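Biologist: I have a model on my screen and want to learn how to read it. Can we go through it step by step?

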Amino acid sequence: MSAPAAVLDARGDPPPGSALAAAVAALGAGQVIGVPTDTVYGLAVDATRSGATERVFAAKLRPRAVGLPLLVADMDEVEAVAAQVPDVARALMRQFWPGGLTVVLTRRAGFDIDLGDNRATVGVRCPDHPVIRSLCRMVGPLATTSANRHGEPPATEAPAVAGLPGVDLVLDSGRCAGQPSTVVDCTGPRPRLLRAGALSWEAIQAASPA
């Protein structure tokens with residue numbers, strides 16, 4: 001059995017520069033890191049690095065049919081990966097970002113990064129947490145998934161993430177015990193709920209343009 005991953009203190013806003021620098025270096029090397037978010041701890045990689053997303057799928061034991069979403073720092077990063085951002089998606093992003101909403105959009109042509117078997121769409125979320133948003137500003141969109149083996153409860157504390165096989169580094173920001181994000185498909189004329197989560201479907205519907 002391999003030793004647990006190194007855990008670095010990342011508490012604070014802004015987070016410690018040394019912890020962020022170590023995480024950026026790990027991401028640049030294609031490694032899997034554990035990161036705190038406003039929902040639960042996640043596993044993150046720079047999807048542009050060769051083999052990085054494959055390592056996430058392996059660490060999580062996640063089927064490739066269940067694609068990896070991207071965490072982003074702002075709308076500019078969304079525009080870089082999505083073919084278009086419909087009005088309904090923009091309205092939901094304005095209302096609920098940063099926060100617990102993942103929006104599924106049609107992929108931009110040429111954005112062929114491996115996020116799983118589905119190459120037609122991409123899920124994006126802007127998290128309300130200084131650590132992960134800082135990393136996204138420094139590296140770009142990060143492919144992520146909750147920090148746990150597929151089908152098991154998500155990890156809420158850094159030591160549990162460090163014990164997962166395949167994780168190289170963990171940023172510790174204390175307990176993260178929120179609900180996973182609500183996932184909404186905005187590729188059609190009306191939003192469609194794909195996964196219930198932190199935001200209620202009623203709130204999503206109320207914020208959607210008529």
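**Reading the fold, from contacts to single residues**

Modeller: Residues 24 or more positions apart account for 64% of the contacts in the chain with a separation of 6 or more. Keep in mind that this is a predicted model.

Biologist: What radius of gyration does the chain have, and what would a compact globule have?

Modeller: Start from the number of residues. With 210 residues, a compact globule would have a radius of gyration near 17 Å. The chain has 16 Å, which agrees. Along its principal axes, the C-alpha trace spans about 50 × 30 × 30 Å.

Biologist: How much of the chain is buried?

Modeller: Buried means under 20% relative accessible area. By that cut-off, buried residues make up 50% of the 210 residues. The accessible surface comes to about 9300 Å², and 52% of it belongs to carbon and sulfur atoms.

Biologist: How many positive and negative side chains are there, and how far apart are the centres of the two sets?

Modeller: There are 19 positive and 20 negative side chains. The centres of the two sets lie 3 Å apart.

Biologist: Now a helix. How do I tell its sides apart?

Modeller: An α-helix has 3.6 residues a turn, so residues three or four places apart point the same way. Take H2, residues 52-60. Its buried residues are Ala52, Thr53, Val56, Phe57, Ala59 and Lys60. They cover an arc of only 165° around the axis, which puts them on the same side of H2. Glu54 and Ala58 are exposed on the other side.

Biologist: What do the buried residues of H2 pack against?

Modeller: They pack against two strands, E3 (42-45) and E7 (142-146).

Biologist: Let me try another helix. Which residues of H5 are buried?

Modeller: H5 runs over residues 130-139, and its buried residues are Val131, Ile132, Arg133, Ser134, Leu135 and Cys136. Their packing partners are H1, strand E2 (33-35), E4, helix H3 (75-81), E7 and strand E8 (169-172).

Biologist: Is Leu61 buried or exposed?

Modeller: Exposed residues have over 50% relative accessible area. Leu61 has 53%, so Leu61 is exposed. Compare the residue that follows H5: Gly140 has a positive phi near 110°.

Biologist: Where are the cis peptide bonds?

Modeller: One joins Asp13 and Pro14, with omega about 10°. Pro14 sits in the loop between E1 and helix H1 (17-28). Another joins Trp97 and Pro98, with omega about -5°. Pro98 lies in the loop between helix H4 (87-96) and strand E5 (101-106).

Biologist: Is Thr102 buried or exposed?

Modeller: Thr102, in strand E5, counts as buried, at 6% relative accessibility. The C-alpha atoms of Thr102 and Arg195 are separated by 9.4 Å, though these residues are 93 apart along the chain.

Biologist: Which residues does Thr102 touch, again leaving out those up to four places away in sequence?

Modeller: Thr102 touches Pro69, Gly123, Val124, Arg125, Ser181, Thr182, Val183 and Val184. Pro69 is on this list, and Pro69 is also touched by Thr144.

Note on methods. Residues numbered from 1 in each chain as written. Predicted model: local features only at pLDDT ≥ 70, side-chain atom pairs only at ≥ 80, totals over all residues. Heavy atoms only, no water. Rg over C-alpha atoms; globule rule 2.2 N^0.38 Å. Buried < 20%, exposed > 50% of the residue type's maximum accessible area, 1.4 Å probe, protein only. Contact = heavy atoms within 4.5 Å. Areas by Shrake-Rupley, 256 points an atom, 1.4 Å probe, with all protein chains shown as cover. Lys, Arg positive; Asp, Glu negative; His and termini not counted. Charge placed at Lys NZ, Arg CZ, Asp CG, Glu CD. Helix = DSSP H or I, 4+ residues; strand = E, 2+ residues; numbered from the N terminus. Arc of directions from axis to C-beta.
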